[in-house]
Amino acid sequence: MSHVKTLQSLFKRYRRPGDIVFAWVILIFSVFLLSQITQQTAYTSGKSIVTQPRFWPAVALIGMTVFAVFHLLGSALSERISGRWQEIWLWVSSLEYAAWFIAYAAVVPYLGYLPSTVAFAVLLVLRVGYRSRAALVGSVASAVVIVVLFKTILQVKLPAGKFYEALPAGLRQIMLTYF
Amino acid sequence: MLARWDVMLALLVGSVGGVIIGAIPGVGPAVAIAILLPATFSLDPIVGLTMLLGIYGSSMYGGAIPAVLINTPGTAVNALTSYDGYPMTERGEAHRAVSLAYSASFWGGIFGILCLILLSPVLALIAPMFGSREIFLAALLGIILVILAHRGQIFAAGFLAMFGILLQTIGLDPVTYTQRYAFDLNFLISGINLIVVVLGLFALSQAFYLLTAPDSSPDAKPVTGRMSAGFKELLGHKRVATVASGFGVILGMIPGTGEFTAQFMSYTYAQKTSKKPDDFGKGSPEGLIASEAANNAVPAAAMIPLLALGIPGEALTAMMLSVFYVHNVIPGPQLFQNNIDLVYGLYLALILLNVIVFVFLLFSTNLLTKIIRVPTRFLGVMILILSFVGVYSLRNSLTDCMIAAVFGVLGLILKRLNLPIVPIILGMVLGGIMEVKLRSSLPRLNSPLDMINRPISFILFALIVLVLALHIRTLIKEYKARQPEEDHDLHDSQTR
């Protein structure tokens with residue numbers, strides 16, 4: 001019994017809420033990928049094991065599975081802190097901001113970098129709860145500074161918005177080149 | 001090489017920008033470097049690298065300000081600074097603490113660079129002795145150290161390092177051109193870009209972290225007095241500052257250990273040798289010096305394995321490695337022979353950035369205390385906007401943005417669970433190096449033992465065995481240390 005307890009204490013660690021869910025997910029993920037190894041990698045006959053295209057994915061996936069098993073074991077043997085589902089809800093809620101980010105990236109080629117960035121900054125600042133004039137002015141100013149820094153000064157390669165095509169000739173050229 | 005206006009401007013922007021970024025809790029150099037990385041691809045190698053070096057080398061100076069004034073480290077490696085810095089602020093010695101932190105940082109920074117310069121002839125001598133098998137073994141040692149350095153999280157770190165290795169194999173096999181874990185999806189066939197992963201894991205995850213957490217706006221009080229005064233006091237603690245910087249240099253060179261271990265070892269040393277060990281954690285100037293000198297000596301030392309072998313020891317140097325690759329400058333044994341002017345240019349840039357930052361901080365501390373007050377969710381919005389530039393400018397690909405968003409969510413989960421992110425990046429970088437170098441070393445090997453039949457490869461192999469043996473020994477010691485307690489419990493229960 002004492003040996004079981006000692007083994008338990010060796011695996012014990014500080015465990016945050018949601019840890020065991022993560023441990024299960026990574027184990028299932030590793031086992032699934034490992035089960036696909038014959039379909040997803042090739043084996044060329046006549047070559048040594050080390051030079052096989054399958055070698056490094058196999059090393060990585062076997063390592064992932066072994067470590068995931070031990071991580072799950074550690075999680076199961078460690079003291080649980082309550083708040084698992086609140087934590088998982090927080091992870092899920094971060095998907096909203098991931099969607100904001102993708103939407104922003106999708107809009108830029110149509111609306112142009114400057115208008116999209118200003119609109120995105122203002123809308124997101126409102127979404128996260130700021131209502132003061134200072135916050136709104138700050139978001140617009142910061143968005144403009146970012147655009148000027150990266151597009152105007154550093155000339156970072158970003159697409160010109162299709163919306164810019166509709167602008168008058170002189171302004172169109174400036175917007176296409178610098179904003 | 002440095003006497004160009006664009007290089008000097010990049011150094012100035014990087015140094016000052018790094019201090020500001022470091023001073024804002026919740027941003028950190030990794031986020032800033034990840035965002036700026038693609039922007040530097042269009043610049044000259046020396047310009048891009050000096051800008052990133054500026055951020056890397058100066059952020060820890062800035063990170064000391066909130067650590068001392070509001071007990072919140074600006075960057076993770078300033079955590080120990082708050083142990084003694086904040087108690088000093090509480091007893092009305094904020095000016096003394098801040099100026100001491102700047103001076104110790106400067107001491108550590110310059111010490112690290114001097115060591116790098118002094119070691120250069122040795123590096124130039126040893127580096128050509130590293131062939132494919134030696135670099136493979138060095139990368140393997142790096143992976144092992146990165147995993148073992150995360151005590152208490154070794155299994156998670158191991159999983160994440162292996163996940164990183166898997167990520168770099170996705171796409172087409174470089175020799176046979178067969179698909180590996182691409183699931184016939186076009187975006188996977190072309191492979192997963194390191195920069196996209198870096199931006200997702202470091203920048204987007206930080207934005208998601210700040211946006212999903214309650215809003216806060218730290219309040220830092222202004223500091224009055226001459227900031228150069230700390231240097232005089234530092235001279236009274238030369239021994240602590242020098243030994244701490246030495247720890248920073250030695251541990252900075254070893255992949256996976258870096259600032260944290262250097263800080264803890266130098267702090268422990270300072271406490272053990274102090275005449276007032278009880279003051280540590282309650283506002284000891286020696287504790288503050290040990291922490292700041294050690295973490296600022298690391299950036300220069302971390303450049304040693306990167307420049308000499310092309311092996312990054314932590315996430316920031318892994319990001320810099322991609323800048324080298326983009327400009328077709330391959331760090332490693334040949335760099336010292338073919339591009340020595342670039343190497344010396346980087347050394348000089350490191351010295352200059354420390355001087356620029358020190359002078360900047362002497363005059364701008366109170367301005368930085370205002371920047372610290374930026375509300376955290378507002379900061380999250382800005383990081384999200386900046387991350388877009390980094391991801392989208394790579395290939396103008398919406399798919400890259402989606403992949404980065406997925407890694408952003410993964411990074412958020414890891415941060416919330418207090419699990420490390422760095423092993424994924426190092427797994428990707430070192431995994432790629434191991435695959436290429438093992439393949440290229442095979443034609444010269446008749447048996448597996450030939451892998452270690454050269455002096456350097458044998459030393460590296462011996463180091464791997466030693467590191468693993470030491471770790472197993474520590475585990476056995478811990479096991480035995482627990483055993484008597486359990487036996488004692490058993491004995492007690494039997495007598496009852």
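These legends accompany close-up views of a predicted model.

Local features here need pLDDT of at least 70 and side-chain atom pairs count only at pLDDT 80 or more, while totals for chains, interfaces and linings use all residues. Residues are numbered from 1 along each chain as its sequence is written, and chains are lettered from A in the order in which they are written.

**View 1. Confidence along chain A.** Look for helix H1 (residues 2-11) of chain A, where confidence is lowest at a mean of 60, and then for helix H2 (residues 19-35) of chain A, where it is highest at 95. Helices are DSSP runs (H or I, at least four residues), numbered from the N terminus.

**View 2. Where chain B touches chain A.** This contact (C-beta atoms, placed from the backbone, within 7 Å) takes 65 residues from chain A and 58 residues from chain B. On the side of chain B, H17(B) gives the largest share, eleven residues.

**View 3. Helices H5 and H11 of chain B.** The axes (lines fitted to C-alpha atoms, for helices over the stretch in contact, with angles from 0 to 180 degrees between N-to-C directions) of H5(B) (residues 94-126) and H11(B) (residues 238-253) come within 9 Å and cross at roughly 50°.

Note on methods: pLDDT is the predictor's confidence in each residue, from 0 to 100. Helices (H or I, at least four residues) and strands (E, at least two) are DSSP runs, numbered from the N terminus. Two residues are in contact if their C-beta atoms, placed from the backbone, lie within 7 Å.
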